[in-house]
Amino acid sequence: MNYSVLNPDKWVSNYADILYAYALPRVSDTVVAEDLVQETFLSAWRARDNYKGEASEKNWLFTILKNKIIDHYRKKGKDIVQSMSDSAITERFFDEADHWTQDDKPLDWGIDYQQGPETKEFYSILESCRKKLQKLQQSVFAMKYLDDLDATEICKALGITSSNYWVLIHRAKLQLRACLEKNWINS
Amino acid sequence: MGMLHITCKKATLLIIKKEEKKLSWLERWQLRGHLTICSLCRKFEIQSAFISRIAKEYLQSVHLLGEEKKEKIQERFEADRAGS
């Protein structure tokens, strides 16, 4: 019996915040993130006899959470066929010859691209633009920029093909760029 | 219209791919050729890199759960433990 080193009474107060901070940007949904944290504690409690004390209590809980996030991605990967069929989204940016349309062509932002925007307003626009993306695109974004996972690993986690991945990323980038331009630069 | 000629749609895809992986020899030539003649895609290239950088910084900012939600999680967790 090794779980004398586990301290379940303190789990929520010690780890709920950091587990949540890890989960939220990865699943892009506060309710889902809370549920995953809740389930992590429950699974950990049920598996407490398997805890060998090889990893710290914190790392052990994180491992459980990470597995739950991956399961969550897998489930979402199954919805991909549905979201991919919505091909009208990229078409909007380009004309019949696949060149920029007059309405959607990139404008001059008149900023120093090497610097940060450094305004609260910009980040709230970024957040609202990100929320307009499909959940799956948000997750791909998070995996790409937060975990520095490459395309192969993201495809594996989501169970999608690499061409699906590039279509997702391409659309997400086009949408995010257009949304930022419309709401931030032109406001 | 040779194989070096690509559209803006294709060029933007290659720009995004390039941020993450090495393009093939052909893709590099296609993109280079396109960017020399297309100022819109040149603009897109700069803005895309900017968005990637900012998105990363933004996503890494910390979000907290809040006391109320923590209490809720604590309550449910205790109920689960009592039940199992």
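Guide: A crossing is called left-handed if the near helix is turned anticlockwise from the far one by less than a right angle, and right-handed if it is turned clockwise. One thing to keep in mind throughout is that this is a predicted model.

Visitor: Which hand does the crossing of α1(B) and α2(B) have?

Guide: The crossing of α1(B) and α2(B) is left-handed.

Visitor: At what angle do α1 and α2 of chain B pack?

Guide: Helix α1 of chain B, residues 8–18, and helix α2 of chain B, residues 25–37, pack at about 120°. Their axes are 10 Å apart. Roughly perpendicular stops at 115 degrees and roughly antiparallel begins over 145, so α1(B) counts as oblique to α2(B).

Visitor: Which residues make that contact?

Guide: From α1(B) they are A11(B), L14(B) and I15(B), and from α2(B) they are E27(B), Q30(B), L31(B) and H34(B). By class, the residues in the contact of α1(B) with α2(B) are four nonpolar, two polar and one charged.

Visitor: What does T7(B) touch, leaving out residues up to four places away in sequence?

Guide: T7(B) touches A97(A), D98(A) and H99(A). With 17 other C-beta atoms within 10 Å, T7(B) is partly exposed.

Visitor: Zooming out, how many helices and strands does chain B have?

Guide: Chain B has four helices and zero strands. The radius of gyration of chain B is 24 Å, well over the 12 Å that the globule rule gives for 84 residues, so chain B is more spread out than a compact globule. Along its principal axes, the C-alpha trace of chain B spans about 70 × 25 × 20 Å.

Visitor: How much of chain B is buried?

Guide: Of its 84 residues, 27% count as buried. Taking contacts in chain B with a separation of 6 or more, 61% come from residues 24 or more positions apart.

Visitor: And chain A, how many helices and strands?

Guide: Chain A has nine helices and zero strands. Buried residues make up 32% of its 187 residues. For contacts in chain A with a separation of 6 or more, residues 24 or more positions apart account for 72%.

Visitor: How do α1 and α7 of chain A pack?

Guide: Helix α1 of chain A, residues 8–27, and helix α7 of chain A, residues 135–146, pack at an angle of about 125°, with axes 7 Å apart. That makes α1(A) oblique to α7(A). P25(A), R26(A) and V27(A) in α1(A) meet S139(A), A142(A) and L146(A) in α7(A). The contact of α1(A) with α7(A) has four nonpolar residues, one polar and one charged.

Visitor: Last topic, the contact between the chains. How many residues does each chain put in?

Guide: Chain A gives 40 residues and chain B gives 39. On the side of chain A that touches chain B, at least two residues each come from α1, α2 (30–46), α6 (120–132), α7 and α9 (162–185).

Visitor: How do the residues on that side of chain A divide by class?

Guide: The side of chain A that touches chain B has 28 nonpolar, four polar and eight charged residues.

Conventions:
Residues numbered from 1 in each chain as written. Chains lettered and ligands numbered in written order. Predicted model: local features only at pLDDT ≥ 70, side-chain atom pairs only at ≥ 80, totals over all residues. Rg over C-alpha atoms; globule rule 2.2 N^0.38 Å. Buried ≥ 20, exposed ≤ 12 C-beta atoms within 10 Å, placed from the backbone. Contact = placed C-beta atoms within 7 Å. Axes fitted to C-alpha atoms, helices over the stretch in contact; angles between N-to-C directions. Parallel < 35°, antiparallel > 145°, perpendicular 65-115°, else oblique. Nonpolar A, V, L, I, M, F, W, Y, C, P; charged D, E, K, R; others polar.
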